[in-house]
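Try each task before you read its solution.

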Amino acid sequence: MPNPAARSLSRRGLLTAGGAVAVGALLAACGGKEKDGAAVAGQGSASGPWTFTDGRGKQLNLPARPKRVVAYVGAAAALWDFGIRDQIIGVYGPAKLPNGRPDPQIGDVDVDKVTVIGNAYGEFNIEKYAALRPELLVDHIFVQDQLFYVPAEHKDKIFAVAPSAGVLVGRVPLPKAIENYAALAASLGADLKAAPVVEAKARFDRAAQAIRDAVKANPGVKVLAGAGMADNFYVSSPAKNSDIMYFKELGVDFVVPQQVDKDGYFEALSWENADKYHADVIMLDARTQSLQPPALASKPTWKDLPAVKNDQVIPWHPEPRFSWAGCAQNMEALANTIKSAKKVR
């Protein structure tokens with residue numbers, strides 16, 4: 001999803017706003033095919049050449065499988081869930097909170113065992129990055145051909161250090177984004193038939209069915225996905241954000257903003273106009289750069305929203321961990337919320 005908090009830093013900073021059978025099919029696909037502009041396959045053994053076609057359509061060819069990977073925190077979190085761990089030596093992006101604890105966006109990555117080369121948008125220590133001797137850089141792609149958290153003004157220097165792989169996670173439904181990371185993980189040596197991966201996929205599928213069932217059990221619930229910032233309330237579009245795009249496919253009735261930004265991810269509303277769209281449930285951006293309900297309480301228009309008055313606001317993770325394990329719990333929470341929601345518009 002777009003990252004409205006980064007508006008003042010860079011336009012790019014705005015853009016974040018069937019079990020074993022499916023896993024086996026994905027493994028069988030590995031061989032360099034490309035689909036929907038996103039990597040679905042790669043190949044390479046521990047001792048032989050490594051190839052991968054990324055979300056930019058760029059084919060990477062290395063003499064051996066990369067063993068030293070530096071990744072955006074969201075990319076690292078996804079790869080970690082698929083079993084790629086020892087290869088991740090460095091990360092950049094929101095890795096640690098001010099108290100030193102891991103930022104939720106880094107998932108289950110052991111933040112004490114990786115080198116943090118930047119902890120916020122625009123922070124990327126190139127010297128520290130080069131010193132790690134990386135063999136591969138991995139990042140999300142929300143806007144075509146742009147690596148999400150690589151500072152544009154330094155990209156040439158950064159790309160000169162090591163090859164980069166961009167994984168398409170924007171403008172495609174959530175399962176596709178997850179499959180793109182699964183394909184990269186498999187090419188790096190992950191076992192997609194491992195029990196934890198297969199079990200996570202099964203839980204993801206159950207959660208998807210739970211959302212379908214909740215919508216049928218309580219039809220007509222209108223949901224708004226948004227983010228609260230100091231000056232604006234951002235309403236996200238289900239046409240671009242991979243998770244809400246998928247939830248819409250499952251039957252969730254989302255508010256569709258009418259005047260989205262040029263990349264199509266969200267509409268920025270002044271707080272005076274925060275009530276432009278009416279919803280029964282608000283999914284509120286839970287990332288650390290976004291304002292949470294206690295901080296929003298001082299804004300009268302926020303307090304007056306029907307969903308807020310009726311305590312029907314739930315956390316939303318616009319940059320989910322793009323893995324089956326990383327998304328299932330959030331989907332279960334959404335299903336439970338829709339099933340019990342009152343119509344308050």
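**Exercise 1. How many aromatic pairs does a search of the whole structure find, and what kind of pair do Tyr-72 and Tyr-92 form?**

Step 1. The count over the whole structure is 17 aromatic pairs. To pair, rings of Phe, Tyr and Trp (its six-membered ring) need centres within 6.5 Å; planes under 30 degrees apart are stacked, over 60 edge-to-face, and the rest tilted. Before going on, a word on ground rules: this is a predicted model, where local features need pLDDT of at least 70, side-chain atom pairs count only at pLDDT 80 or more, and totals for chains, interfaces and linings use all residues. Residues are numbered from 1 along each chain as its sequence is written, and side-chain values use heavy atoms, with hydrogens and water left out.

Step 2. For Tyr-72 and Tyr-92, the centres sit 6.1 Å apart with 50° between the planes, which makes the pair tilted.

Step 3. Strands here are DSSP runs of E with at least two residues, helices are runs of H or I with at least four, and both are numbered from the N terminus.

Step 4. Check the cover. Tyr-72 is buried at 0% relative accessibility, and Tyr-92 counts as buried at 0% too. Buried means under 20% relative accessible area, exposed over 50%, and partly exposed in between, with a 1.4 Å probe and protein chains only.

Step 5. Zoom out: ring pairs link Tyr-72 and Tyr-92 into a cluster whose members include Tyr-121, Phe-124 and Tyr-265.

**Exercise 2. What is the strand order of the open sheet of five strands, and which strands are at its edges?**

Step 1. Reading across, the order is β8-β7-β6-β9-β10, with parallel pairing. Two strands pair if DSSP finds at least two bridges between them.

Step 2. The edges are β8 (115–116) and β10 (164–168), each pairing on one side only.

Step 3. Helix α2 (residues 73–81) lies across β6, β7 and β9, at about 115° to β6. A contact is heavy atoms within 4.5 Å; axes are lines fitted to C-alpha atoms, for helices over the stretch in contact, and angles run from 0 to 180 degrees between N-to-C directions.

**Exercise 3. At what angle do the axes of α5 and helix α11 cross, and which residues make the contact?**

Step 1. The axes of α5 and α11 (residues 324–340) come within 10 Å and cross at roughly 155°.

Step 2. That makes the two helices, α5 and α11, roughly antiparallel. The cut-offs are under 35 degrees for roughly parallel, over 145 for roughly antiparallel, 65 to 115 for roughly perpendicular, and oblique for the rest.

Step 3. From α5 come Leu-174, Ile-178 and Ala-182, and from α11 come Trp-324, Cys-327 and Met-331.

**Exercise 4. Is Ala-268 buried or partly exposed?**

Step 1. Find Ala-268 in strand β14 (residues 266–270).

Step 2. Its relative accessibility is 38%, so Ala-268 counts as partly exposed.
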